[in-house]
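Let's take a friendly walk through a structure together. Have the sequence and the 3D view ready, and follow along as each part comes up.

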Amino acid sequence: IRHETGYVGLVNQAMTCYLNSLLQALYMTPEFRNALYKWKFDESHGNSPAKCIPFQLQKLFLNLQTSSKTAVETTELTRSFGWESGEVWQQHDIQELCRVMFDALEYEFKETEQADLINRLYQGKMIDYVKCLECGREKSREDTFLDIPLPVRPFGSSVAYGSIEEALKAFVQPETLDGNNQYFCESCDKKCNAHKGLKFSKFPYLLTLHLKRFDFDYNSLHRIKLNDKVIFPKILDLNNFINLDNNSSEESAEGVETSMKCDDSSTADSALEEETNHVPESHINEVDQEDDEGIDLSSSSGNHQENERSKQQNIPSGPFVYELYSIMIHSGSASGGHYYAYIKDFAKDEWYCFNDQSVTTITQEDIEKTFGGGPPRAYYSGAYSSSTNAYMLMYRQIDKELNCLAMKEDEFPPHIKKVLEEIKESEEHERASRARRDEMVRLTIHTIHPVTGARLNHKIFFHNDNSLAEVLDQAYTTFKFEGVIPKEQCRLVSYVSTNDHMEVSFEAREYESIREIMASLIHPSNEFFLETREKNKIFLPYSIGDTCLIVYQIDVDNEEVISVHQVRTSPCDTLLELKKVLSRALPLPSPEIHVVLCSIPISYLSNETLPLNKLISHTCNRIFICPVGSEGDLSNNFENSPLYKCVKLLQHVIVLHFLIPDNLEDTLERLLIPPLEDKCLIENSKQTEAVSTDMNVTLTNGINIGIEEEIVFGNVATSDQSTSEDSSLTDSERTIIGDEQNDCLPETSDSDQLSSPEVQTSTKNCDINGELEENWDIECEPPKNYYFRATPYVIDQTQKAIRVVVDKHIDVATLKSKLERYVGVAGKYMRLTRGTAAATEQGAVSSIIAAPVRGELSPSLIGLKDDDRVSISFHRVLEDGEHLAKLYHFNPNLTNQMSYLCDWILYRGKTIGEMKKAMLKELEKRHNLKIPLDRLRLRLKSWKTPGRVLLDNEEWTDDGSSSPTELCVEALDGPEEVTAHTFLVVFTRRWSPSTLTVGPYVEVALRSPSVADFTNKLSEISNIPAEHIKFAFGNSMFPCEMPLLSINDLDWEDSADGHRRLNISVKDGNVVFYKDDREELKTLTKEEQLEVSSMESSSHASPSSTSSYISGYSPRKEKALKIYLDTPSRRARSVIDVD
């Protein structure tokens, strides 16, 4: 719906407020809009409509004039500019955009009726002259301009011009050429005093004035914004600036010089770098302004009073009288801001604020607030202070014959009416598409990969009328199950991920629509689960309120679990019906089975006529089954039977699958982890027949939420490693477990690094597979000799895994000890993480660092479910005398001076030389770093600074800190010179004052810190005689980032007293600059100072290059504004700033 004003706003794509403001001003210029409508796109020229700027501008103007929306997009126009998505995130100067856009339009209008449109409307003329003050002869040339750049302050002054008229007078004020700057007059045949200046010969119909509010402060070397008050009138009389009696310039004896087009005579002082949306409070309520910047739009009644005053006032006579109709406003500072526009509607004679999507009325008071002004700013604060003021003004010449109003819809040319019809058809098509999208629904489909076991999910859009079968087809394709499992072995069921619950299945409803399916759910959800089954199995139906059972098929003779399944059945079904379901779904050797409920006490279920809700509670849903043998019914003698003994043994078990990482040997070698010597069972396990990975896919898999899930016993906190405790435990966990519980470890456990917890016992509560059973009559105290049985197998012929049936009360330390012989690694080096191999890649990556990892099991198995997968990764547990170090490759002349290599173990009592040898082999293997032993230097590292050199013959001693030591690995150009701790190693850089450049870093090792030794070293590396060397210490340690122009201001020393020692504060890692004292300092012009400052403000130079600056200040680099035409490249206009 349109604004109440009747105008349409423009959507800000990101930082396109400057574009929106200019477009609204051009749209509200009747002469420009009408001329644009008269232009007709010609497809015969081979241009694409999408890349034709005038055509896209026509469409945008038509949308602004006819759309019923509050705001329209500018995306199609910016695409015709050739802008990528990143361009709209660049803030630019509105005057710069105006010039670039006019250039582009001029090029597109070539050889059409509108070829001279820009010049006809916006081009003025001025005379650039030099007049001899002795003979009066004037030499001149005529230039053209499209806008007039007006300085806000005179050069070097802190006082601004008071008004536009005053600034214009200063603009044409001639400069006197005298003294050494005298002008050579050809008539006088000598150098004479002269006047040099500009004068206007013709003003354009549409006059654009650019207030140069952005300046450069040479003291602070930063850009600043000038917020001074500059008054501008609604009626501007420029007749006094032109000699109406002789409108053409006088010609010299040689004639007028060739006219040179200077329509880029103004410069874009500042392309602002980011948009901060400093908008008047009355326009956007969320933004606050200072009192001197706020704009009150609560009432527009002042407009009518002002209109009456305008009618009564006397308009000056003469041809060059102008009426203000557009004010481009910048709100913000030199480092960023926001543009919007105040524009006059000539038809209504009212002013409006066009602020992106918002269009509101304004008052004369609002206009006056854009003059600028406000409290004075402190030194340098202008670069960061924020203010709102006029930046660019547009005036229209008052001429009854030329002034016109914008075309109305019924006045459009035929080709514009056709374009308008196409726009309306496109909008209708978009509305239809939107209606169709409203009929779409986004479904989240979850699944478990039938081969890898990875937990997957995808969000897919479907139409509400799509059938469930069509959704299944799309999900099957999206998960790439083709060739993995037939589609006939898949189905979709309603799923609730928050509690990991299959809600209901949809038997015989495959061809119902998604709308009908979702409407039938008691708890509407957009989540579905794609279930899979084996070829010879069936899907069981799911219903709301089903009883969920965990079924363990056991082998009584061998006292082991064969398989585990989840079964759903109606609570009203009898035990006999449950047995029939199980016999159909499971590979049982006999339809006659024993059913035992794992309750307290363990119950044998024999009454087949009772419904399940009378036999089984929702908190006790684990049952054990096995075929009935010769023993027959056990109702009367169950507690003395082998079945009871077996269930008693297995009542707390859980079935888990442990995934062994690939490249195990490489990982252990990299982490310096020794393999176990006893590998008997490992070798035997290689002969074990591979077992199917999907033990229970015939029914419902136990489903985890996501790939990883944090499983914690007590609170989680990071703790330091300890040689007496497993470093995977946190301090808080050790506190909860208690020291007295160490005795619960079995003698066979090889993991003395962990304080192993007993399961907490209670007379009221006991945890059964993650469920709490209340009001128990006996304590739930599992045996200390935990049940454990492991079977190695292979997943998909590549992934090694271990199927483990284990008492779920086992602590992680004991579990690790039992896994040792199957993995081949001591348990203290293992890290167990809930999830699949994908989880290992994301978070449980093997590492020396023993910090907790998301999803790591610590310290119990509480929270795991049957058939969950657990990834095994490794970390290095530090022994007594070992210390963790982080190695960084150090090269001072690379962009990345410190690049991380790997973790390393340092051994107390071993020499640095011994550890270097082992380190070199690993660095060459991992990083292809081939460094001769005598050229490898190790240095301590402190943040970015390399410190003391570690000597080959010194033994490593740590300071007792648990934090890793950081070391720099450095490849030297020659053999190591540093052989004692008395050596001083500093970084030197040559400073060249004549070119304002610095050389690369060169390390210098000094046997003694004397000035003579130091200057001799510098002389060797630079070929500068020692007596001409001066040096100065940088203001910080390496890399010593400092402004370029500050280097020459350092305290420079010479070698006059060679016996003098270097400053006592100098230490390893200091940076020392040196220079040839015969080299003179280059004198910079203001332009060169600006260039150097700009370079310092852009980014760091590469240390390896002889850069012309050293800087620690690096804001985002400004990107030039460009419009790319769909034509061969053309010459861009030069930008000339006529001051």
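Which residue forms a salt bridge with Asp 473? The partner is Lys 487, and the closest N and O atoms of the two are 3.0 Å apart. Here a salt bridge means a side-chain nitrogen of Lys or Arg within 4 Å of a carboxyl oxygen of Asp or Glu. The pair links distant parts of the chain, 14 residues apart: Asp 473 sits in helix α11 (residues 468-478), while Lys 487 belongs to the loop between α11 and β22 (490-496). Helix and strand names follow DSSP runs, numbered from the N terminus, where a helix is H or I over at least four residues and a strand is E over at least two.

Before going further, a word on how to read this. The model is predicted, so local features need pLDDT of at least 70 and side-chain atom pairs count only at pLDDT 80 or more, whereas totals for chains, interfaces and linings use all residues. Residues are numbered from 1 along each chain as its sequence is written, and side-chain values use heavy atoms, with hydrogens and water left out.

Back to the first pair. Asp 473 counts as partly exposed because its relative accessibility is 32%, and Lys 487 is partly exposed as well, at 32%. The cut-offs are these: buried is under 20% relative accessible area, exposed is over 50%, and partly exposed lies in between, using a 1.4 Å probe and protein chains only.

In total, the structure holds 36 salt bridges. Side chains of opposite charge can pair when their charged atoms come close. Another example brings together Lys 1017 and Glu 977, with 3.2 Å from N to O. This pair, too, links distant parts of the chain, 40 residues apart: Lys 1017 is in helix α22 (residues 1011-1022), and Glu 977 is in the loop between β43 (965-971) and β44 (984-992). Lys 1017 is partly exposed at 23% relative accessibility, and Glu 977 is partly exposed at 43%.

Next, find Arg 1078, which forms a salt bridge with Asp 1076; their closest N and O atoms are 2.8 Å apart. Arg 1078 is partly exposed, with a relative accessible area of 47%, whereas Asp 1076 is buried at 9%. Elsewhere, salt bridges that share partners join Arg 937, Arg 939, Glu 970, Glu 976 and Glu 1003 into one network.

Two strands are said to pair if DSSP finds at least two bridges between them. Strand β39 (residues 882-890) pairs with β43 in the parallel sense over 5 bridges, and His 889 has Val 969 in β43 as its bridge partner.

Asn 928, in the loop between α21 (912-927) and β41 (936-942), has a phi near 55 degrees, a positive value in a residue other than glycine. Asn 928 is exposed, at 55% relative accessible area. Asn 1023, in the loop between α22 and β47, also has a positive phi, near 65 degrees, and is exposed at 71%.

Cis peptide bonds come next. One joins Ile 600 and Pro 601, with omega about 0 degrees; Pro 601 is in the loop between β27 (593-597) and β28 (603-605). Another runs from Phe 1038 to Pro 1039, with omega near 5 degrees, and Pro 1039 lies in the loop between β47 (1029-1037) and α23 (1044-1047).

Finally, how many disulfides are found? A search of the whole structure finds 0, a disulfide being a pair of cysteine sulfur atoms within 2.5 Å. For Cys 646, the nearest cysteine sulfur is that of Cys 626, 7.7 Å away. Cys 646 is buried, with a relative accessible area of 0%.
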